[in-house]
Amino acid sequence: MTVILGQTFTGISIGAVLLLIALGLSLTFGQMNVINMAHGEFIMAGAYTTYVLQKSISGAGVSLLVALPVAFLVAGALGALLEWVLIRRLYLRPLDTLLVTWGVSLMLQQLARDIFGAPNVQTRAPDWLTGNITVIGGDDPLTFANSRLFILALAVAAVVALSLALRLTSLGRRIRGVVQNRDLAEVSGISTSRVDRTTFFLGSGLAGVAGVALTLVGPIGPTMGTNIIIDAFLVIVVGGIGQLKGTVIVAFALGVMQSVLEYSTTVSVAKVLVLVAIVAFLQWRPQGLYTLRTRSLV
Amino acid sequence: MSSQPEGVHLSSRSSAFSGLSAFSGPSGLNGPSGSRSSRRRVLAGAAALATAFALTACGAKTDAAGGSSDQAAKADTSGDTVKVGLLNSLSGTMAISEVTVRDSLRLAIEEINASGGVLGKQLKPVSEDGASDWPTFAEKASKLIKEDRVAATFGCWTSASRKAVKPVFEKNKSLLFYPVQYEGLEESPYIFYTGATTNQQIVPALDYLKSKGEKSIYLVGSDYVFPRTANKIIKAYAKANGMKVLGEDYAPLGSTEFSTIANKVKASKADAVFNTLNGDSNVAFFKEYKSAGLTAEGMPVVSVSIAEEEVKSIGSQYLAGQLTAWNYYQTTPGAANTAFVKAYKAKYGKDKPTSDPMEAAYTSVYLWKAMVEKAKSFDPEKVKAASDGITFDAPEGEVTVDGASQHISKTARIGKIGTDGLIEQVWDSGEAIEPDPFLKGYDWASGLS
């Protein structure tokens, strides 16, 4: 029993990581249609921001909390700059956008290598995140790791904040308006170029927040973004493009699926099975998971 | 150039075009249904493009690694200086470990140059980055031998990289000195192994666990040749010695998701864990191990790829109390080690620890020097012929080259990681163990090689 609960929790925590890395992409790719290959490097920028802050702020806990808003701003600023310099000139040329952002991602990787060196670096997690909480005691205890709970809370907070922002604020309404009908939004007096840049800022900023969370899981390196970006795109495509709820459901579904399969087989076999399931699912539902009714992925 | 890479280039080009053609239809941001289908096409194009790039890259690498001339490249030893190759991953997941080996090799070369060089010639190191990528290792090995015409090459860490460069060195009849402990069951006429083979590291570590009364173990490793072969040996040992192997898990090299593996280890209730993870996967593993509530007292982890440098970057708060199996620690007593540690810290900084692979790398350069001086030639064949019985007063103690297997004798040492990040020896084999890469001296290992 504790094994099942423990594995479910592990799956949810993997899902939370997936959700965090895909959330920013659900804005820039899902809402704006821009295939940003440099998204993973914005995550990397967030992770390195944590590393730099930890060098200058002594307390590991304080520096982590400070890193969240700072990484959001750093990655967001990088994203806004990319949008302003390159992407806005390429909105109707998706292949060019893909190539250009790929080039930018390679440049950012090299930049990171030049600034921080090629070897991966680590951050120290604060003491209150290294322990765990015992949920069920006894001979066969069920424990939840604090760092995983933190990432889960962060992911939930980010999703709630984003969906509220899209639904309730005037900026959110403008973003949705531009996504639904760009021309009509423009003749209604909305500056679509400004909305584009703001959306890109938000999406990239969320990537930065994801980067901070990833420092709690593994090492920070120039190529960390390349491994992440594929998972992020998978979540968006399966979830249904432009659908926040699809992203959320699929992130957790893939996380639980990965952890359950991994428990009964091996890491590599579980990865293969998850990818096979995704391919099969997309054959059946090429537009991705759109509505809550089709939650039958797992 | 053979015809195969050509074919790869052609097919990659055509798939790139098919990717392009996906975009010939109207695409734009407006129109809900139209834009969705075009998004699909964009994705298909992206996938095609990515495949094309991957294929092109592979094609290029295959060509550089495999397409060699028929004649062996001769080392250039005519001038006042002799070039030696340093082949280590300076980037990627293995850089955490391999950069320190490169630094140690440089220290040895510098010392040798300061004391008059080898056969009166100064050594000139040529450093190449294997980038934690095995085809790149083969490509760079080929470059060192053919373009730089080095007299010998020092480096490689993972067995996957060694296996990738082995045919390159054999084909070109050039020498490689490999400084890392490995899974044994290998002999190459052009490789000298100055790290431990299994009977000098893994087998003594298992003996140690057995003597401590540990009856069941769980195996965790990276998914490539060293952990898989090492675990095969461990399972054979366990079967013959009444130990139970409760589970076996492999994570892809560079993997950082270990929560499930930690749960499995925990649920197995094994007495100990035998860890053959490599590179900074160890960081994620030990973080998760601690998060799962597992401790060094309750379930000790014996690691064979974590030395002082890795302890420093993983963080001793995750590792204190865990066990390692090596042949050398920074704390190993002896005048040779005191001098080595002092020289290393003077060159690279007071906070830089020394470790087993670094020591084996340092030793390998001196062993090569002694072989060359005994042979009075840089010619690889003469150097090999002179190798048997060469001894060196290494920081780990005196080592002797076994000419037949091209391995060296080493003392096995089990250590415990302290809170200060250093490793204290808790057991040693007393004397240097003769290398036995094929485990011929062990009955239980008869089915392995």
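Two residues are taken to be in contact if their C-beta atoms, placed from the backbone, lie within 7 Å. In chain B of this predicted model, residues 24 or more positions apart account for 72% of the contacts with a separation of 6 or more. Chain B contains 14 helices and 15 strands, and 52% of its 449 residues count as buried.

Chain B is divided into domain 1, spanning 3-66, domain 2, made up of 81-196 and 334-411, and domain 3, made up of 199-330 and 414-445. The centres of domain 2 and domain 3 of chain B, taken over C-alpha atoms, are separated by 25 Å, and the contact takes 35 residues from domain 2 and 34 residues from domain 3 of chain B. On the side of domain 2 of chain B that touches domain 3, two or more residues are given by each of helix H3 (95-114), helix H5 (159-172), helix H13 (356-375), strand E12 (397-402) and strand E13 (407-408) of chain B. By class, this side of domain 2 of chain B has 12 nonpolar, 14 polar and 9 charged residues.

Between the chains, the contact takes 42 residues from chain A and 43 residues from chain B. The elements of chain A that each supply at least two residues of the side touching chain B include helix H1 (2-31), helix H4 (94-116), strand E2 (142-145), helix H8 (182-187), helix H11 (244-264) and helix H12 (267-284). H1(A) gives the most to this side of chain A, with 6 residues, and the residues of the side of chain A that touches chain B divide into 19 nonpolar, 18 polar and 5 charged.

Technical notes. Residues numbered from 1 in each chain as written. Chains lettered and ligands numbered in written order. Predicted model: local features only at pLDDT ≥ 70, side-chain atom pairs only at ≥ 80, totals over all residues. Helix = DSSP H or I, 4+ residues; strand = E, 2+ residues; numbered from the N terminus. Nonpolar A, V, L, I, M, F, W, Y, C, P; charged D, E, K, R; others polar. Domains from an automatic or database assignment. Buried ≥ 20, exposed ≤ 12 C-beta atoms within 10 Å, placed from the backbone.
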